[in-house]
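Student: Could we go through this protein together? I would like to begin with its strands.

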Amino acid sequence: MPDHRTVDLLVIGAGMAGLTAAARAVRAGLSVVVVEISGDVGGSARYAGYAWTAPSHEAMDRHNPGGDASLKRALVDRFEDGIAWIRSTGVEAKDAQPILSFGQGHQFDTHRYIDTCRRIIVEAGGQLLLTTDTERLLLEDGAVTGAELVTGDGTRRQVRATSTLLATGGFQGDVDLRKELVHPHADVLELRSNPCSRGAGHRLATAAGASTGLPGAGFYGHLIPSGVPFADPADFVDLSLYYSEREPVSCKGAENEIRSATARGFAHPAVDHHAQITVYSAQDLTSLNNLAKAFEAKYPGIDVKTVRGVDGDLGVKVETEFNTGKHIADMYVSASLSWVKPQAEAGRFLAPTGPELTGKGDYDTKQYVHEGNYFETNSAVLTFGWNTKLYPKGLTDYPDLLDPSLAGGKIGVVEPTAPSLVDFYLWLEETYGADYVKKLAAQKPRIYPSSLPMGEALQSGEIAAGSFIAPIALDPAKKKGAPVDYRMPPEGAWGARYYGMVLKGAPHPNAGQLFANFMVTAEGQKLITPSAGSVLPDVPGTVITNDKVRIQDPAKLTPDAVTAYQKKWKSLFQ
């Protein structure tokens, strides 16, 4: 059915381009609707880490001779304006650095930028429609006037718009389109970008009579070793730029020319002649790098390569390395106990050998070294916090959030979009009573997608208290004078325990054992656990010990159980 109003801007595609356009539009006071076919925003930007381009018109022309002249000029001339916009959202863009052999770019946290744009849009009254398909563009007198949509529940809807931005055009998720528009053998290309980009934007545009690029204009991609599955998208930034800049392509005839993006003569860092270990980890990146730096100083000649990612990606990568026999990681640190236990039962971890991990130090091996050779390293914790100006008397425990003076949008809560977040609410009910969450909902709190925007809202005064606050994010703000504070619950906290494993098949198992042991020493704990949980008592800067942090029970977080709780939660809070 048609909407009764016309919005200023309809954006189709909630990747970086679409979210940027929508965020800038709502900041300018425009009404905006954003449509996204998948269940989350971000698209391929979730796999990126830089914004970059050619540093001059000459370099752009040299490397992209067939490109549209006006677009090439705009990309070079307005690039710094784009970086300034990123910084204006509060997301740090680092100083310019060389990219590949000719480019220049800025590294920034694309995940934080995406989530920040989403928050800007929603808080300004913009509408974000996820799992919504754009079936066709609406045309009147040859002009696009909106689009007909089909929402996730099958409802048809027309949105009229003064301007419509088609911010999706990728087709990498459609094998047939890749073969048609890139190369007949493009079906064998490894996909490291958004799998939901299946050519919908291309089809919408051409159906509306839009022109497309020149045939055979090329595609964006990077070299990776031939025959090695590219299982972890996070490796794109860390590894593929190296291959693309330095390695030749070996063509084995037309039939296999795309298969053979082969890097010859290069020894992977994990099997280099220099002593180097590779550590996959879901831990805080800054803390992890500080730990690696201290280890390298303590053990000269052993370099540490840290690969930080989410457990869902890193676990798949480790399994792929086991299945292919092409081992890269020496050690893995994961917060996903549901992944760790089956791998331990399969005998994929080496027995710890370091003095701390074998009971010769302060580390409690009986409590923290588990059957199957995995061991606890630290924990990330979430707690409650408050704005000291808006709520000066502060909070002592979660029941204080039920103070009537905090009702009416003064509290922040997190939406349980993932099983781990469902577990947070289960913990609240188990700890503070079965009706606690219902009482919390009666306070009519504001809803946030994660702890990061909730912490930002607490600092800005948008809310007076938050139920899901990360100390590791709040402590730096406190040091800078932000009017915020937090406290750990007296009976223990909800969070995620991290588990370390030295992997069988590790290229450098002895060095991996040394690093694993260093992580649980007093020196290592001080570096890896700021504003978090430690496996040793009385570590400066830590807020709790691991034994007081909840352990999730996978049996309570089956897909059906999670879906049922999410439905219950929405009935209470929305």
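Student: Which residue in E17 does Ile411 stand opposite?

Tutor: Ile411 stands opposite Ala465 in E17. Please note that this is a predicted model, in which local features need pLDDT of at least 70, side-chain atom pairs count only at pLDDT 80 or more, and totals for chains, interfaces and linings use all residues. Residues are numbered from 1 along each chain as its sequence is written, and side-chain values use heavy atoms, with hydrogens and water left out.

Student: In what sense do E15 and E17 pair?

Tutor: Strand E15 and strand E17 (residues 465-469) pair in the parallel sense, over two bridges. Strands (E, at least two residues) and helices (H or I, at least four) are DSSP runs, numbered from the N terminus. Two strands pair if DSSP finds at least two bridges between them.

Student: And how many bridges are there between E15 and E16?

Tutor: Three bridges, again parallel, join E15 to strand E16 (residues 446-448). In this pairing Val413 stands opposite Ile447.

Student: Are the faces of E15 covered or open?

Tutor: Both faces of E15 (residues 411-414) are covered. Ile411 and Val413 are on one side, Gly412 and Val414 are on the other, and all are buried. Buried means under 20% relative accessible area, exposed over 50%, and partly exposed in between (1.4 Å probe, protein chains only). In a regular strand the side chains alternate between the two faces of the sheet.

Student: New topic: what is the order of the strands in the sheet with E3?

Tutor: The order is E3-E5-E4, an open sheet of three strands with antiparallel pairing. Strand E3 (50-53) and strand E4 (97-99) stand at the edges with a single partner strand each, so one side of each has no neighbour in the sheet. The twist averages 40 degrees from one strand to the next; axes are lines fitted to C-alpha atoms, for helices over the stretch in contact, and angles run from 0 to 180 degrees between N-to-C directions.

Student: How many bridges join E3 to E5?

Tutor: Four bridges join E3 to strand E5 (residues 103-107). Thr53 stands opposite Gln104 in E5.

Student: What about the loops? Where is Ser531 found?

Tutor: Ser531 is in the loop between helix H18 (522-528) and strand E20 (533-534). Its phi is near 55 degrees, a positive value in a residue other than glycine.

Student: Is Ser531 buried or exposed?

Tutor: Ser531 is buried, with a relative accessible area of 10%.
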